[in-house]
Amino acid sequence: MLRVYTCIAHQHNFLFVVIAGMICLLATLTALSAFQQAVREASRRATFIIVAALVSGLGIWSTHFIAMLAYEPGLSISYDVSRTLLSVLAAVVICGIGWTVALGKRPFMAPLGGAIIGGGVGTMHYLGMSAVKLAGYIIWDHNLVAASLILGIGLSAMAAWLQRRESTLPVWAAGSVLALGICSLHFVAMAAAVIYPLRTSGVAVQSLDSQSLAIGVTVAALSIMGVGAGLVMFDRRLAAAQLAEARQRAALADQIVHSTAERNTLIEKLRYQAEISTAALDNMAQGLSMYDSQNRLITHNRRYAELYGINEELLTPGTPVIEIWERVVADGTILQSRSIDIPVIGDEDWLKEHEVTLSDGRIIKFQRQPLPAGGWVATHEDVTEARRTNQQIAYLAAHDALTGLPNRATFSTYLEAYAKDGRAFAVHTIDLDRFKEVNDTLGHAVGDEILRSTAVRLLELTGENDVVTRLGGDEFAVLQWDVDGLVTPAAFADRIVKRLAEPFEFKGHTVIIGASVGISLAPESGICCEELLMMSDLALYCAKDESRGTYRFFERGMDSRLCERRQLEEDLRVAITEGQFEVYYQPLLDVSKGTITSFEALVRWHHPTRGLVQPADFIATAEDTGLIIPIGEWVLRQACRDAINWPNDVGVAVNVSPAQFKRGDLIAMTMSALTAAGLAPERLELEITEAVLLHDEAWVQAALKRIAALGVRIAMDDFGTGYSSLSYLRAFPFNKIKIDRSFIADIVGKSDALSIVQATIQLSQKLGMEITAEGVETAEQMNVLVEEGCTTVQGYHVSRPIPVSRVAELLRFYNTGVHTSARAAG
Ligand code: C2E
Ligand code: MG
Ligand code: MG
């Protein structure tokens, strides 16, 4: 080391040493830069390796010779030209080999390449030293020679290794190591050379002096600097270009990433929207079809296909509408040849709402809207249910739900329309006579059946232009249009009465109802339609009041009769609350014994202004209005209370209305009346008419049997006036039959009446029933009846109905023998 130091400090010019070092560093940095480019750019690798070889070779050479310029051994030095040139060539070639090897990918290649470069440095140095010519000779210290080579080769290998392995290491680090290697080799090698001067030695002809060498070195150094600067510039530009390219690439990549993300988001969004649109379209209750200006399908929804039964395969976008509809018609879904979807140019109606009825009866409503870009969109809706419902609502609004006849409002409309015509027509108002009783006793189901059957019968009787309506309850009306023909209003009303008097058959049961009719005639000056209806209604009331089962024309003054009837109703209500009724009693005489067996309770009404009113004047109204129930109950209780004061063998008969059967809870009421009065049930007899027995329903029989089971007797009143008396007698074991007084009145002189009486008496005997003849007014009638075997009589001949106060007197007369002794006395 000391020798090396001494060599540098004492035998070298320091300035040149520094310049040599700087040239060396510049060369190594440039060479390494070129090498780095060769590593990076495969396409121009050879160029950069050549540059690296040239720069490093020349650099080593320059360093060496500048250092030689700095060397002052105390003798003049010159250089052999050929060897000097050989040394530079060797440096360049060996460095070229070294750099090439260092490019290798295997790990040892870099240090190997570096070692070769180090070898090149050594070769160049010692070749260069062999070119030295001086007046002396050189003795080499072999140890230092070896050390110089080891240092040069080792540091060069290390520099190459650093450069390749540590890619992040700056170039100057490896460059410094390589420069250090070169310089170390040089200066240790210089220390290894010991020069011994010779006096005879001179400078050879083909030799370079120091000045020429300086020029050569300067040229080499300048070329290295040029190459270095060029490389630096190139590297910078390359770096800038690469940076720009990298940035561009990054921006592009960024853009690609960004635009890809954006596109994906957009696609997602569109897909989502498409899904939503499809879902929305497919879940629409309406069908939707959209066609372009060329009448080709753009889109449609599921409902559209369903509504018309179109196969989805046919509904691909672009399919012409004509093709779709030809298929629909061919399939028989729709019974029209022209497509409902095809626009007709110039057709104003095209945009309006349309309806089409499919062959299966469904009604489809559709409406089209033009699209701004041409073509059109149509919506299709199944309105079958809605139409049916509307029709039903309209029908229900205009018709009676039970009978299906036009209702009162519709009838009024007809009336008005007919009245405007100015022609003559008749309005018949019809009321069913015993409907209330039937409805009460047989129930509403049978009542409804009767109303329906009545409607059918009326329709059968009417002509094409006549109108039948149910005004409400059991009231009907007929507008008879043709009154000038064969069937006059009177004949027509008569037909109605007769037809409705015929029995109704329900599930084997026979029900007789009967009807009354009121008639008004149009045109009547100054009378509106409603009044026409009111007039026939008044006529109807009169018909019912006078005798049921008949008809009446409207006459002036009828309205006052109606008022009277209304007044009667009102007065009856007052009578019930104020207790204006009294029970009269009419005796029933046992003709064989000549004694009174019982009294029939007959109600009387003490009207505050009209005086004593007979049942014939108010019972029917009381039955119609339901007031018979409280009246009947009062009579029953009063009769029981009165009868308790009579002898035990004298009974009491009470009339019972059909309405009392259902609404009045007759059984409970009877028991209550008997208990309240303390009367034995056997002394009470209930008189029922055939109206109660309009049917043979089990429950009526059951009710009668329960009453009978109490011990109460049951009599059939007014026998012979109804319809099916005989079947009634068979169905229920009555205690008594009362022959209606209409037969008794004619019993003398009219053989047919007598025949009926005879037959009834025989029948009662056969059935084991008692028989009473009603309305016996004369001794003659009584004698006939006695002869025919009648056991009991009732009538004015025995006694008129009398107040209870006179019952005792009558009983005394008949039952205590006064009557018999009086008769015996003459
Ligand atoms: P009815 O049950 O057949 O009663 C007999 C009717 O014939 C009584 O009429 C009686 O006065 C009348 N009469 C009796 N003998 C003769 C006679 O020789 N010649 C004539 N021409 N008539 C005679 P009244 O009292 O006017 O009663 C009429 C009807 O009113 C009764 O007929 C009965 O059906 C009903 N009625 C009377 N009171 C009541 C009652 O409290 N409740 C119910 N539901 N109906 C009653
Ligand atoms: Mg009676
Ligand atoms: Mg009677």
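The structure is a predicted model, in which local features need pLDDT of at least 70, side-chain atom pairs count only at pLDDT 80 or more, and totals for chains, interfaces and linings use all residues. Residues are numbered from 1 along each chain as its sequence is written, chains are lettered from A and ligands numbered from 1 in the order in which they are written, and side-chain values use heavy atoms, with hydrogens and water left out.

**Magnesium sites**

- Glu600 (OE), Asn655 (OD1), Glu687 (OE) and Asp717 (OD) coordinate the magnesium ion (ligand 2) at 2.0 to 2.2 Å; donors are N, O and S atoms within 2.8 Å of the metal (3.2 Å for Na, K and Ca), and sites may look incomplete because water is not among the atoms.
- Along the chain, the donors of the magnesium ion (ligand 2) follow the spacing E-x54-N-x31-E-x29-D.
- Asn655 lies in strand S21 (residues 651–656) and Asp717 in strand S23, so this pair ties together parts that are 62 residues apart in sequence; strands (E, at least two residues) and helices (H or I, at least four) are DSSP runs, numbered from the N terminus.
- Asp717 bridges the magnesium ion (ligand 2) and the magnesium ion (ligand 3), which lie 3.9 Å apart.
- Asp717 is buried, with a relative accessible area of 5%, and Glu774 is buried at 10%, whereas Asp718 is partly exposed at 26%; buried means under 20%, exposed over 50% and partly exposed in between (1.4 Å probe, protein chains only).

**Antiparallel sheet**

- Five strands form an open sheet in the order S7-S6-S10-S9-S8, with antiparallel pairing; two strands pair if DSSP finds at least two bridges between them.
- Strands S7 (297–300) and S8 (354–357) stand at the edges with a single partner strand each, so one side of each is left without a neighbour in the sheet.
- Four bridges join S8 to strand S9 (residues 363–370), and Ile364 in S9 is the bridge partner of Val356.

**Helix pair**

- Helix H1 (residues 2–11) packs against helix H7 (residues 171–192) at an angle of about 95°, with the axes 8 Å apart; axes are lines fitted to C-alpha atoms, for helices over the stretch in contact, and angles run from 0 to 180 degrees between N-to-C directions.
- The contact (heavy atoms within 4.5 Å) involves Arg3, Val4, Cys7 and Ile8 of H1 and Phe187, Val188, Met190, Ala191 and Ala192 of H7.
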